[in-house]
Amino acid sequence: MARSEDKKAQPPAEARAAEQAGGTAPGALRAKLAGLADPLVLLEGLFLHSPVPYSVFDMEGRCLLTNPAYRTMFGTEPPPEYNVFQDEVARQQGIAELIRRAFQGETVQTPVFWYDPRELRHIQVTQARRAAISCTFFPLAGQGGEVHHVAIAYKDVTVELTLRDGEEERRTQLLRELAEERARLQEVLDNLPAGVILAEASSGRLIFGNAQLERLLRQPLPLGSRLPEYQQWKGFHADGRAVQWDEWPLLRALRGETVLGQDIHLQRGDGTLAWLRMGAAPIRHEGEITAGVVAFYDIEQERRAQGRLGALADISTALSQATGDFSAALEELARLCAEVLSECCVLTLLNEETGTLEVVAAYHPEPEAQHLLRNELYGAVRNEQGAASHVVSTGQPLLQPYIDQSKLPEATSPGVRRFVERYGLSSTLLVPLRVQGKVLGTLGVSRGKPGNPYTLEDQEFLQELADRAALTIQNVRLLKTTQEAVRLRDEFLSVASHELKTPLTPLSLKLQALARTMEPGRSPATPERLAGDVETMRRQVRRLTDLINDLLDVARISGGRLKLRLEDVELTGLVREVVSRFEPEAEREGGTIEVSTAEPFAGHWDRLRLEQVVTNLLSNALKYGAGKPVRVHVEAQGHQARLTVRDEGIGVEPRLRTRIFEKFERAVSDRHYGGLGLGLYITRQIVEALGGNIEVESEPQRGATFTVLLPLSGPPREQARG
């Protein structure tokens, strides 16, 4: 590159170099050096002893010279294969373009950067040190102005930069620690179970709120707002009195008061009410109140638990009175459950006689809804596929937090649909009434308004109520069963004494009459009269014997001592034989006994017990047959025998069809019909002991048909041995 001798035309870099040389132009410097005896000694001394690190490169980018200061700075010198144009560190630091400009004849200054020869990749340097440097590149031109070399002067700022970086790092670290401390404090406050509000005393502005605020208050808390702007908050004390504005804990704290545990029923942003327990305190600096802080947390569960404990006590009290008025106690149970779990409650029980599920109590706070429940729900549950039937069959609770009213099951009764359409149905909970492994019924609650679904906590509480209720219901039923058993015992003793006296009275009279005929002076009784009296006495003795045998059979059955003596028995002949014994009695009653049989067949049964079955059924038919014909039919059907006894008498009401097979039970009053009420009970026990079963079909005033089915092979071996 050509260079001009005119200083004004000199490139800016050369002008700066001339100024740094004390204003001496390159030509003048050469002239002065030429006057020295050995100028190279001077230049060598300056180069070698300069505290400024230097390096000189040829135009190919190879390093020709370095001074000791250079080697001190980096701890090494560039190896012969190093080339400045291939310097990866220079490229990474963004100074490759400055190097290119320097080799084109321009003096350039680099910014400060970190340089470590060990990071070079086109050469291998193992012994070196890292330094923070600033470089000045300046071209070295010959007499003709052409640039033949480029020199680099280095400024080592490692110490200064390290100190500055250290100070900056310490400052950054301090700020980081402060930020971390603040973040930890914020995290602690945000994870507190309580909401926290901080208000500035001087301005009354809200300056802080943690993450729990919006959850508890159901509305955002705009920081910077003044406290008077929140006078729209509505709160009530535990006694129901409205909280005045100057009574709020935060305002009291700003006045210097400390508030501990003030319970307030607060209306939240969404209009709902929540019980909050608030505490507040002033914050002082050098004795002056600078801020006020209030903390509050939700005590809804605490108060709910207190309310539920009270409800448990009330329900226990109500159930304790169940023995006096069972229905009223169940209604009270439904009311208390509805009040605690809001808002509707329905109680069902399994009918012990029919086995059907029936609604026995229901409650709703609105009178019209209560009236609708009574009219539509009370009585048998008609939907066998409904929720209540499902809970009874599985014994497991049914929780439905969210219900879509538009998707009610098709089997839902019209009355229930009308109730749902008018009062809503958003959430239901149904639990079984369990006791000793049995399910007695269900206890269910429902809510019409959405937004407050039942939870597992509600399920646990309702199940506890149901278990208590089930135990009481079971105890009441056992008490009633015991009372009924005592009543039946007393009634049986009365009937038994009457029935036992009935044959004894004519027997005693006949014996007295017979004794009188044997007195001296009395004419003897005619043989015909004696025969009649003896037959009457035999009949009464036979009746007395039958009564005693019935009592003995009941005792054997109750004690599990009913023994069977199995043999092959021809049933049609046995039936005709028993019928022949009853024909005189049928004639006395003005009726007849008609027998129809198929081909004779035999089964493996106990003959005497089978005779007892036929006897009891015929005796029952004649007693209640109203003097009309009694029809007996015997046939074999496959592997079993079928015996039917049909009368045309007073019949049996449907609700009594099961009871007539129990001990001491009758379908009619014992005032009109005699007997101990044991015949059908003994009959069923014998039939079942023989492996069969007995059923009755009847309607009032239209007669009754008793059907006995017995396996021809007899009872199972285990049952026969029993």
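This report describes strands, helices, salt bridges and a surface patch in a predicted model.

Strands of a sheet pair through backbone hydrogen bonds, either parallel or antiparallel.

One of the residues involved is His-285, whose bridge partner in S12 is Glu-288.

Strand S22 (residues 630-637) pairs with strand S20 (residues 593-597) in the parallel sense, over 5 bridges. Ile-593 has Val-630 in S22 as its bridge partner.

S22 also pairs with strand S23 (residues 640-647), here in the antiparallel sense and over 7 bridges. Glu-635 has Arg-642 in S23 as its bridge partner. S22 and S23 form a hairpin with 2 residues between the strands, and Gly-638 in this hairpin takes a positive phi near 65°.

## Salt bridges between separate elements

The model has a count of 26 salt bridges. One of them joins the side chains of Glu-331 and Arg-374, at 3.8 Å from N to O. Glu-331 belongs to helix H11 (residues 326-341) and Arg-374 to helix H12 (residues 367-377), so this pair ties together parts that are 43 residues apart in sequence. Arg-374 has a relative accessible area of 40%, so the residue counts as partly exposed.

Another salt bridge links Arg-631 and Glu-648, with the closest N and O atoms 3.3 Å apart. Arg-631 is in strand S22, while Glu-648 is in the loop between S23 and helix H19 (679-689); the two residues are 17 residues apart. Arg-631 is partly exposed at 37% relative accessibility, and Glu-648 is partly exposed at 25%.

## Helices H17 and H18

Which residue forms a salt bridge with Glu-577? The partner is Arg-607, and the closest N and O atoms of the pair are 3.2 Å apart. Because Glu-577 lies in helix H17 (residues 571-588) and Arg-607 in helix H18, the pair ties together parts that are 30 residues apart in sequence. Glu-577 is partly exposed, with 33% relative accessibility. Arg-607 is also partly exposed, with 28%. Salt bridges that share partners join Glu-577, Arg-581, Arg-607 and Glu-611 into one network.

Helix H18 (residues 607-624) also contains Gln-612. Is Gln-612 buried or exposed? The relative accessible area of Gln-612 is 16%. Buried means under 20%, so Gln-612 is buried. The side chain of Gln-612 makes a polar contact of 2.8 Å with the side chain of Arg-609.

## A nonpolar surface patch

Leu-36, Leu-40, Leu-42, Leu-43 and Leu-46 make a nonpolar surface patch of about 470 Å². One of these residues, Leu-43, lies in helix H3 (residues 39-49). Leu-43 has 40% relative accessibility and therefore counts as partly exposed.

Terms used:
Residues numbered from 1 in each chain as written. Predicted model: local features only at pLDDT ≥ 70, side-chain atom pairs only at ≥ 80, totals over all residues. Heavy atoms only, no water. Patch = residues over 30% accessible without salt bridge, like charges linked within 9 Å, V, L, I, M, F, W, Y side chains within 5 Å. Areas by Shrake-Rupley, 256 points an atom, 1.4 Å probe, with all protein chains shown as cover. Salt bridge = Lys/Arg side-chain N within 4 Å of Asp/Glu carboxyl O. Helix = DSSP H or I, 4+ residues; strand = E, 2+ residues; numbered from the N terminus. Buried < 20%, exposed > 50% of the residue type's maximum accessible area, 1.4 Å probe, protein only. Pairing = 2+ DSSP bridges. Polar contact = N/O pair within 3.5 Å; in protein donor to acceptor, adjacent residues only side chain to side chain.
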